[in-house]
Amino acid sequence: MSTLVASPKTGAGLTGAITAPGDKSISHRSLMFGALAVGRTEVSGLLEGDDVRATAAAVAALGAQVERIGDGAWRIDGVGVGGLAEPSGALDMGNSGTGARLLMGLVAGHPITATFTGDESLSRRPMQRVIEPLSQMGAVFQGREGGRLPITVTGPVMAMPIDYRSPVASAQVKSAVLLAGLNAPGVTTLREPKPSRDHTENMLRQFGAEVKSAIEDGFNTVRITGQPELSPQTIVVPGDPSSAAFATVAALILPGSDVTIRNVGLNPLRAGLFDVLRAMGGRIEVLGERNEGGERVGDLRVRGSDLKGVVAPPANAASMIDEYPILCIAAALADGPTEMRGIEELRVKESDRIAVMVQGLRAAGVEVDEHEDGMTVHGGAGKAPAGGCTIGANHDHRIAMSFLTLGLAAAAPIEVTGAETIATSYPAFVQHYQSLGAEVSAR
């Protein structure tokens, strides 16, 4: 088990520039959609963390040719919609909930059988939210109680298009249904209570699928016409805003910091954290905003700031669901309470992120109230929390990186055990922090 220690930053704050690692969500999708195109798709800037590598291996097991040709550069020779082959062994998705749920959608639209496995953390996460609509399309699932891995999926001879009203706004549910609908005749419709991240729709359109989105009767409604021929693409993966969030908060909470984070994806359905941090008084400037591959991208200049507590709007939750752990760290250094509600989804992530963050913050000397659907962090108005504690990552990369960030602003070092999980999404995390002047080291 890997242990990392973050020590208080003395003197000036963080300075310098880093390039955000490739967006994990878009990296997963570029591999999958490349496998469904007819011909060769080339991808640059792919995130080469463990989660995405698991998807690459799974896509190859399903019949596509997948090859790494350089740093972040991959090519995929696709088999076309309907052309996936039955894998000879189980698809090990490691820690990747996104990879598992989206690939279940792909398999559910094909007349093949595949078994999905994962690590201890992923095997605890419920899959019922995608099993329900995919079963309506004709797929058959066999798994552990509660819809947990390992799960065997058998797709029908012909998937049936459905009109599904999802009880939650979830990009994973939406994407699983749309991907199964690719190989169904006719139009498959997904309705969600509010818009979730739209990378799937954007990229499917880029590959040539007919995808329409509209607000109908208060629901975000997405329709896909099945059985298209997808054309191969050249994809440049933008930087991951969820990963950029860590250096952003580190720079905000350390006085004197001036950090630039290059190539950050700024899709409005992903950038909710930056809006909340600005509302807290964070000095975050977007430079060189541009459009790449249907996604807004820019460079962020972030400077040390006096933060104040706010109520994080529950309406923002879908656009920043993965960023609440690092928001807790900003809140711990803010003046006054920061309330985060309507985020019960965090209880079924890689860990119960609400419970784990509350426990860890208290161990570090931060006052926090736990709610069933969230938490309220009482900031110390910039006063360093005690630190001097050991935090278990609980198989959760975002927990690990969040508490290492807090260690930079604490009175005493914070040690994080199980830090090897950081490699699932941000292999260069330590290197990037060290290049900005942070003291993060292995123990």
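Contact means heavy atoms within 4.5 Å of each other. Axes are lines fitted to C-alpha atoms, for helices over the stretch in contact, and angles run from 0 to 180 degrees between N-to-C directions. This is a predicted model: local features need pLDDT of at least 70, side-chain atom pairs count only at pLDDT 80 or more, and totals for chains, interfaces and linings use all residues. Residues are numbered from 1 along each chain as its sequence is written, and side-chain values use heavy atoms, leaving out hydrogens and water.

**Sheet and helix**

- Four strands form an open sheet with mixed pairing, in the order β18-β19-β21-β20. Helices (H or I, at least four residues) and strands (E, at least two) are DSSP runs, numbered from the N terminus. Two strands pair if DSSP finds at least two bridges between them.
- Strands β19 (residues 335-340) and β21 (residues 374-380) run antiparallel, joined by 6 bridges.
- Glu339 has Thr376 of β21 as its bridge partner.
- Helix α9 (residues 324-332) lies across β18, β19 and β21, at about 30° to β21.

**Largest pocket**

- The largest pocket has a volume of about 750 Å³. On a 1 Å grid over the protein atoms alone, a pocket is an open set of points where a 1.4 Å probe fits, with protein on both sides within 12 Å along at least five of seven lines; lining residues have an atom within 4 Å of a point. Grid points are joined across faces, edges and corners, and a volume is the space filled by probe spheres set on the points.
- Of its 40 lining residues, Arg129, Ala169, Ile321, Glu345 and Lys349 are the closest to the centre.
- Helix α1 gives the largest share of the lining, 4 residues.
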